[in-house]
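The following exercises concern the surface and the overall fold of one protein chain. Each task is followed by a worked solution.

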Amino acid sequence: MSTLIEKDKSFYKKVAKIAIPIALQGLITTGVNMMDTIMVGAVGETELSAVSLANQFITIFHIFCMGIGMGASVLVARYYGMNDKASLKKTVSIMIRLCLIMSLIFCIATLFVPRAIMKIYTVEENIISLGIEYLKYSVVTYFLLGLSLTCTIVLRNVGQVKIPLYTSIASFFINVGANYVFIFGFKPLHIAKMGVAGAAIGTLVARIFEFAIICGYLFFKDKEIGFRIKHLFEKVGALWKEYIRISIPVLISDAILALGNNSVAMVIGRLGESFVAANAVTAVAQQLSSVMIQGFSQAGAIITGYTLGEGDKEKAKRQGYSFLLIGGIFGIVAALIITVISAPLISAYNLSEETRTLAKELMLSISIIIVFQATNSIMTKGVLRGGGDTKVLMLADNIFLWVASIPLGILAGLVLHLPAFWIYFALKIDQVLKAFWCVIRLRSGKWIKKIKTEAELKNE
């Protein structure tokens, strides 16, 4: 392995420069989610379960947008490495158009069928009614979240990592303050206690701020891409073909993966209110421990795109092995973090004894899964995706999820009624399997794909 990895110190400095701000932003975002669950959990377990399950539907949208943004980022990084500004702007235009369409679809669904949405996740009426209340106040957030998320990904791909980071820091304080005011009420301003609805409003306030800063910067200030609102209405020509070839498999993969993850949520939602609440607590721990992994994943995609854009395949291969090693190291670090924070984190919530016991079991299972998840995330969402290997990744992601994780999770939870540790391990077994598959795919070298510019497409 030592002869295969990248030994140039400037490579690791570049990785750190991209990954650390992204990781810090992820840490802040996770902190916001943690404060949300702690504040809502202080109101009651039923409220916590309702917000957790309602957010599962919003998470589908989040994953769709990540698919749109990360799909575009494969092209953005490659075109940026080629210094092809025309193709770069048109890629951003296609991305924003798709994001707006997706936002409209989810907005309509939330407006007209919120009960049907909640019934996907649970059959308990008290949770359903509170979940509907939360969704009602979340309608506008789709447009705000979608645009700020995808535009953040694009800015990162051209080295603009500080603006999203600073925005997230400010958003954290805005979200926590707004949550406190609206969830628990604020007498000086004559604001009544709103509970679940207050949590949704607090999140909405933070989303408005994020949208204004991120999209305002990209549309009016940024010079690396030079994208302006007028470019949204320009013809993108033959570039649609290349966007569809490279990016749509990412979108489809993440979309089907989102449906699969929600199938996992459906299984969890039918294991009882205590299991749902325990999972909501442990999800925060997993997010906290994996923020560095997310940073390195995106760094892997960006740097691989740059390197291949410059035409150096051998260097990209060496960097791929380096990212594989980084994944293993940070997976172990993440496991240790979960082990350390699990007890104090569980104690921070107002939980019943049954829920506490379940949460402890889930934490132990997560600490094992995260080692494998770190490795495959940095490879599948980073290096292999940056290489343009999106079609194969689409197949691999979903085969492991639908053929292994979901059937085994249903068997363990709803048929065999195994302990919580084994139910969660079965539901996440795809993370283990993909880790081994990634090593095989990396060694094959088949993950490096050619990406065409608009000029090349016109000449075909």
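**Exercise 1.** State how much accessible surface the chain has and what share of it belongs to carbon and sulfur atoms.

*Solution.* The accessible surface comes to about 18600 Å², and 68% of it belongs to carbon and sulfur atoms. Such areas come from the Shrake-Rupley method with a 1.4 Å probe; for residues, only the protein chains shown count as cover. The model is predicted: local features need pLDDT of at least 70, side-chain atom pairs count only at pLDDT 80 or more, and totals for chains, interfaces and linings use all residues. Residues are numbered from 1 along each chain as its sequence is written, and side-chain values use heavy atoms, with hydrogens and water left out.

**Exercise 2.** Determine how many helices and strands the chain has, and compare its radius of gyration with the globule rule.

*Solution.* Step one: there are 17 helices and 0 strands, taken as DSSP runs (helices H or I, at least four residues; strands E, at least two) numbered from the N terminus. Step two: the radius of gyration, taken over C-alpha atoms, is 22 Å.

**Exercise 3.** Classify leucine 414 as buried, partly exposed or exposed.

*Solution.* Leucine 414 lies in helix α14. Buried means under 20% relative accessible area, exposed over 50%, and partly exposed in between (1.4 Å probe, protein chains only). Because its relative accessibility is 35%, leucine 414 counts as partly exposed.

Note on methods: The radius of gyration is taken over C-alpha atoms; the globule rule is 2.2 Å times the number of residues to the power 0.38.
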